[in-house]
Amino acid sequence: MPPDAPLLEVADLKVHFPIYRGVIAKQVGAVKAVDGVSFTVNPGETLGLVGESGCGKSTTGLAVLRMLDITAGRVVFDGTDITRHDRAAMRPFRRRIQMIYQDPFGSLDPRMSVAALIAEPMIVHKLAANAAERAERARELLEMVGLRADMASRYIHEFSGGQRQRIGIARALAMKPDLLICDEPVSALDVSIQAQIVNLFQEIQAKFGLTYLFVAHDLAVVRHISDRIAVMYLGRIVEIADRDTLYRAPLHPYTQALMAAVPIPDPEIEATRPQITVQGEVPSALNPPPGCRFHPRCPRAVARCKTEEPQLREATSGQSVACHLV
Amino acid sequence: MSATTLPATPRAPFIAGVIRLFREKPLGAIGAVIVLVFLFSGIFADQLAHFGVNQISPVNRLKPPSGRFWFGTDHLGRDMYSRILFGARLSVIIGLSAATIATLISVTLGIVSGYFGGRIDMIVQRVVDAWMSFPELIILIVVVSVVGPGMFQVIGILGLTFGIGGSRIIRGAVVSVRENMYIHATQSMGASTKRVLLRHILPNIMAPILVLFSTRVGAVILVESGLSFLGFGVPPPAPTWGSMLSGTGRTYMYLAPWLALAPGLCLTLVVYGINVFGDALRDLLDPRMRGSR
């Protein structure tokens, strides 16, 4: 593998959920949760994936993890096309691609002690010789994520939200993964805790050279942690750019509206700055609008937007946009 | 985990568990003692009994409880205390084994049906529907008329019938546990289906399993008594509590109430003991309930 090759390459990914109706279960349609998404993530990089609820960002994460059936497209991890890998073929990749969940309480078995939770991936992937070694590694990992080693014998309900997320991270790190898919990992936490966990993500990234696919809706968090950011709308990427470029000069009207929706903590600026508001609701992914999917809500839509679907193309260096007007 | 991670409990887990049972769940401990007493009396019925189980004494018919006949005598002059002891053996054997078989069947069917879902679930559930639409009595009568009456037939049929019916409860619990993110997390980690089922699904459905088991023990003993009454249970003169209760107990209810009271009270006690013990066990096995009463 060449040194600058991406660790993860997603090409024209489509995830459709068929809808069946009637006695003979005839397929009457499909929810196009992800409909033609392409991006790459380089080793050691953090790609932020933002968008409003239901835009398909979590589905993209789950598809990369191969926990959903991929309708079309390709997922290439470290040079290997894993799109059609079966259970057995996926096993070695399961260790290398890990997921951090939004709800750390729900994603950790309440019947297992913390030590057992962190040791489990080592058992599954035979990463430790015996129970003593696993216990030792579990303690190390606990300390690494900022918890005390003597917490190992406790159960998950005895911890706070932030501590639980730290345990979830320790459990993922136990597998020595290459890619972490973080699905809204801080949005369930108190604001005061969020920064700590985001910092922890950055610390362990520097320490282990991890690569992140960071799914979130909080633009401040994404800005803090990401190198590049992809903005999704209704199953498609509308803009993908370097972090600073995106926040300084967003090109897509949807990105501009998203950025404008972030309040500025200064009442004078907040009152005088131009407001871009998006009208209406997100259309149904079951029946997305023709042409540009954003055109019914776009303040700048022209006739062409209603018929022709814009493709993602490079607008400036390191910034690609799917919009006819740019 | 090994002792290295749990330095706080140097004692053997079983003894530590018993200590916790008495300290945290005194009621459950009483239940355990009751169950143990009945198990003990069943096992040592030969030594504890004062008279032979079917020893008839025509001069001592329908005698009320006394120093000689602790629980009185029945219409044939048989000592009720001795019969209760031997009945404990039979009833407890039938109750525990049929409930164990039933629980195993329920758990297996419920997990397979609930976890794998889809077509497998559909097929299993329709078979369960079909089975449940037959009254268990009819199935039992058919089996007994083919192979003849006896304890093993009763255990087998009751185990199967209660097991298939109870699988619905387990299936429901599995379906709800399966949807938890920790199951998803374990699968995405690459864990085998066996590990997911045994290490994550099973421990998390322990509460309904224990409740199912403890209620089944009582139910089996009661149903067996009904079967004995109809002549399809363990054939007389075998002293099951059920036949004592519904046979002689009912016939002589006004003349000699102790004939119904003795087996009835024992039955109530055992069922109560198993239930409170099961509840205590359920709470003790749940880490979230640690230290609570």
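Modeller: Residues are numbered from 1 along each chain as its sequence is written, and chains are lettered from A and ligands numbered from 1 in the order in which they are written. The model is predicted, so local features need pLDDT of at least 70 and side-chain atom pairs count only at pLDDT 80 or more, while totals for chains, interfaces and linings use all residues.

Colleague: Why is chain A called as compact as a globular protein of its length?

Modeller: The radius of gyration is taken over C-alpha atoms, and the globule rule is 2.2 Å times the number of residues to the power 0.38. For 326 residues the rule gives 20 Å; chain A has 21 Å, close to that, so it is as compact as a globular protein of that length. Its C-alpha trace spans about 70 × 60 × 45 Å along the principal axes.

Colleague: Why is Glu184(A) called buried, and what is Asp78(A) called?

Modeller: Buried means 20 or more other C-beta atoms within 10 Å of the residue's own, exposed means 12 or fewer, and partly exposed lies in between; C-beta atoms are placed from the backbone. Glu184(A) has 20 such neighbours, so it counts as buried. Asp78(A) has 18, so it is partly exposed. Glu184(A) lies in the loop between strand E7 (179-183) and helix H6 (191-208) of chain A, with a positive phi near 50°. Asp78(A) sits in the loop between strand E4 (72-77) and strand E5 (80-81) of chain A. Its phi is about 50°, positive although it is not a glycine.

Colleague: What makes E7(A) largely enclosed?

Modeller: 5 of its 5 residues are buried, so the rest of the structure largely encloses E7(A). Leu179(A), Ile181(A) and Asp183(A) cover one side, Leu180(A) and Cys182(A) the other.

Colleague: How do you know that E7(A) pairs with E8(A)?

Modeller: Two strands pair if DSSP finds at least two bridges between them. E7(A) and E8(A) have 5, in the parallel sense. Ile181(A) stands opposite Leu213(A) there. Strand E6 (residues 97-100) of chain A also pairs with E7(A) in the parallel sense, over 4 bridges. In that pairing Met99(A) stands opposite Ile181(A).

Colleague: What makes a nonpolar core, and which residues of the largest one touch the most other members?

Modeller: A core is a set of buried Ala, Val, Leu, Ile, Met, Phe, Trp, Tyr and Cys residues joined through C-beta atoms within 7 Å. The largest has 158 residues, and Leu213(A), Phe214(A) and Val231(A) touch the most other members. Helix H4 (residues 80-116) of chain B gives the most to this core, with 17 residues.

How values were computed
Helix = DSSP H or I, 4+ residues; strand = E, 2+ residues; numbered from the N terminus.
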